[in-house]
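The following paragraphs lead through a predicted model, from its overall composition to individual residues. Please keep the sequence and the coordinates at hand while reading.

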Amino acid sequence: MKNEMRESLWTRGAAGAVGAVILATCLSGCVGAAAWDRDLLARKSMQLNTHPIVTAYHDHIYFSKEGSSGGRTFDGGGCGCN
Amino acid sequence: MQLTPRRRGRVSRALGLLTANLLAAAGAHAQSPTPTNEQGAGAPVDGGGVNDDTRSDIGLTRVDSAVLFYSEAGGRVKATEPVVSVALNSSSGDVLSIKLTADILTGATPNGAAPWSGSQTFITPARAPGSTTTVTNASGGSTIVTIPGTGVVSRQYVVAPNQLPVDAGFRDKRYALDLGYSALVNADTRLSGGASVSTERDYSSYSVTAGASRDFNHKNTTVSASLNLEYDLSKPFFGTPTPFTVMSADPKGPNQSKMVYSLVAGVTQVINRYWLAQLNYSVGWTNGYQTDPYRVLSLVDATSGAPVSYLYENRPRTRLRQSVYVGNKIALGPTVLDLSGRYYHDSWGISSVTGSIAERVPVVRGLYVEPEARYYHQNAANFFQNYLVNGQAIPTFASSDSRLGKFDALTVGAKVGLKVNHSGELYVQGEYYRQTGEAHPAGAPGGLGTQTLFTGVRATSILVGYSFAFY
């Protein structure tokens with residue numbers, strides 16, 4: 001019984017390790033884009049923050065009206081907002 | 001095959017455009033996808049659609065200016081907030097930025113008391129002792145009164161029956177200055193630092209920040225970390241009240257301060273040709289005065305629910321905040337999808353989830369529209385209470401601030417942007433924001449059960465901005 005359990009754990013562990021290796025291999029090989037393949041990523045519209053002022057306005061409004069803030073950048077609004 | 005001169009010209013132009021695209025693409029990395037050197041790349045790259053622009057600001061000075069008009073329903077807060085930001089981009093990739101913000105606020109803000117079927121009178125210290133100025137609010141006028149025999153000058157205002165108690169004396173101006181410098185140390189490493197000051201009549205905030213980012217994996221991965229240190233000084237018009245004392249015109253205690261320490265660490269990853277993703281972990285520690293000095297709680301009768309008195313609130317002096325944020329930019333044909341989410345938790349017991357989506361759709365050449373929606377849900381802080389009950393033990397901490405209560409919020413809006421010249425953009429954004437929560441929580445004594453205790457916000461805002469760059 002103990003041996004069966006041990007074998008089962010070994011099998012699961014080995015399967016997990018193989019899965020992790022496959023995942024890591026896939027991530028390193030499948031994730032990313034070659035330098036000559038980044039035409040779309042080079043667009044201004046693809047920047048993570050296209051309008052910093054608009055983002056700052058949003059962060060400030062939500063900071064002053066909700067109980068949580070931050071995440072994208074530092075929280076806090078520099079105000080004693082009412 | 002022989003090419004005619006005309007065909008040679010076409011091929012030459014096509015090759016030139018391809019080369020420019022490749023140079024632009026080679027500069028794209030996970031953290032900032034558009035550091036193309038326009039001078040190096042030759043002709044600016046623009047595939048024709050407003051979403052295709054890959055022009056860079058390297059070597060340019062960019063001016064961003066905008067003004068926000070914000071208005072809450074029910075005569076509550078109105079704000080006008082102009083902002084001007086100037087970024088000087090050197091040819092080596094360094095950036096010096098300066099931002100100026102003004103914030104003009106008027107209107108009424110809830111004072112924390114619960115509504116009641118009878119009229120309610122609130123007494124606070126006068127903001128300007130000796131003044132005879134009368135401030136009008138939605139539910140009656142505020143009056144400056146000298147209490148006979150004491151010399152104490154008070155401001156009194158009356159709230160009509162069944163109305164949310166608000167203080168219409170709310171009026172303030174805030175000015176802020178932000179400075180930042182970011183330097184490219186080598187091809188893969190960027191260091192940044194900054195400082196900011198924000199000041200209003202009853203509050204000042206000072207902060208410094210420092211950060212670093214580094215590209216890995218052929219610029220497919222960017223790892224970054226930033227630290228922020230903030231000092232805030234709360235200097236209410238009449239001082240900081242002692243927690244759970246009765247609201248009165250008596251002068252209050254001295255100014256109070258707090259320190260905020262924050263860290264944001266993140267990874268930005270190019271997933272594939274169409275998809276850029278960002279994962280951030282944030283942690284912040286606040287130590288010091290975090291109570292709202294103007295806010296009270298109704299102390300109500302255990303049977304009838306009628307207000308007996310109004311007590312100043314009290315919040316813990318420490319707060320640990322953590323959040324995980326995921327952002328995505330995905331090119332879907334000619335459109336760009338912006339998808340983000342956040343999970344937040346803090347030591348006050350507030351947990352929240354936020355999800356937002358926006359899609360930038362080109363309409364005609366130079367014009368795009370970007371509809372957006374955001375959903376937010378939070379649960380209540382463990383010391384949130386709509387009211388206190390007379391005769392029961394006063395807790396260590398309590399606040400009726402709806403921002404600390406349980407609610408949902410939805411934002412819907414749209415932005416319209418128009419490309420002006422080669423580097424300019426004019427944009428207008430309109431948004432509607434609404435909080436919804438439990439209006440009649442169970443267990444409210446007597447007549448309080450019929451009152452609307454949720455004091456959430458409904459707000460509309462219009463933002464007009466113009467951005468342009470020059471050598």
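Of the 471 residues of chain B, 48% count as buried, where buried means a relative accessible area under 20%, exposed means over 50% and partly exposed lies in between, for a 1.4 Å probe and protein chains only. The model is predicted, and local features are reported only at pLDDT of at least 70 and side-chain atom pairs only at pLDDT 80 or more, whereas totals for chains, interfaces and linings use all residues. Residues are numbered from 1 along each chain as its sequence is written, chains are lettered from A and ligands numbered from 1 in the order in which they are written, and side-chain values use heavy atoms, with hydrogens and water left out.

Chain B contains two helices and 23 strands; these elements are DSSP runs numbered from the N terminus, helices being H or I with at least four residues and strands E with at least two. Among its contacts with a separation of 6 or more, 63% join residues 24 or more positions apart, a contact being heavy atoms within 4.5 Å. The accessible surface of chain B is about 21100 Å², and carbon and sulfur atoms hold 62% of that area. Such areas come from the Shrake-Rupley method with a 1.4 Å probe, and for residues only the protein chains shown count as cover.

Chain A, with 82 residues, has 40% of them buried. Its secondary structure consists of two helices and zero strands. The accessible surface of chain A comes to about 4400 Å², with 65% belonging to carbon and sulfur atoms.

A residue of chain B that touches chain A is B:Asp57, whose contacts, not counting residues up to four places away in sequence, are A:Lys44, B:Arg62, B:Asn89 and B:Ala469. B:Asp57 sits in the loop between helix 2 (38–41) and strand 1 (61–72) of chain B and is buried at a relative accessible area of 19%.

In strand 3 (residues 95–110) of chain B, B:Leu100 has its place, partly exposed at 49% relative accessible area. Beyond its neighbours within four places in sequence, B:Leu100 is in contact with B:Pro82, B:Val83, B:Val84, B:Ala176 and B:Leu177.

The structure holds 23 salt bridges over all chains, each defined as a side-chain nitrogen of Lys or Arg within 4 Å of a carboxyl oxygen of Asp or Glu. One of them joins B:Asp172 and B:Arg201, with the closest N and O atoms 3.8 Å apart. This pair links distant parts of the chain, 29 residues apart: B:Asp172 belongs to strand 8 (residues 166–184), and B:Arg201 to the loop between strand 9 (189–200) and strand 10 (203–216) of chain B. B:Asp172 is buried at 3%, whereas B:Arg201 is exposed at 52%.

In another salt bridge, B:Asp401 meets B:Arg403 at 2.9 Å, N to O. Here B:Asp401 is buried at 2% relative accessibility, and B:Arg403 is buried at 13%. Both residues belong to a network of salt bridges that also includes B:Asp292, B:Arg295, B:Glu313 and B:Arg315.

The side chains of B:Asp215 and B:Lys219 also form a salt bridge (3.4 Å, N to O), and B:Asp215 is buried at 7% relative accessibility. B:His218 lies in the loop between strand 10 and strand 11 (221–234) of chain B and is exposed at 72%. Its phi is near 55 degrees, a positive value in a residue other than glycine. Most residues other than glycine have a negative phi. B:Phe244 likewise has a positive phi, about 65 degrees; it is placed in the loop between strand 11 and strand 12 (256–272) of chain B and is buried at 17%.

Finally, the second largest pocket has a volume of about 500 Å³. Among the 22 residues lining it, B:Arg76, B:Leu164, B:Phe454, B:Gly456 and B:Arg458 are the closest to its centre. A pocket is an open set of points on a 1 Å grid over the protein atoms alone, where a 1.4 Å probe fits, with protein on both sides within 12 Å along at least five of seven lines; lining residues have an atom within 4 Å of a point. Grid points are joined across faces, edges and corners, and the volume is the space filled by probe spheres set on them. Strand 22 (residues 424–437) of chain B supplies the largest share of this lining, four residues. By class, the lining comprises eight nonpolar, eleven polar and three charged residues; Ala, Val, Leu, Ile, Met, Phe, Trp, Tyr, Cys and Pro count as nonpolar, Asp, Glu, Lys and Arg as charged, and the others, Gly among them, as polar.
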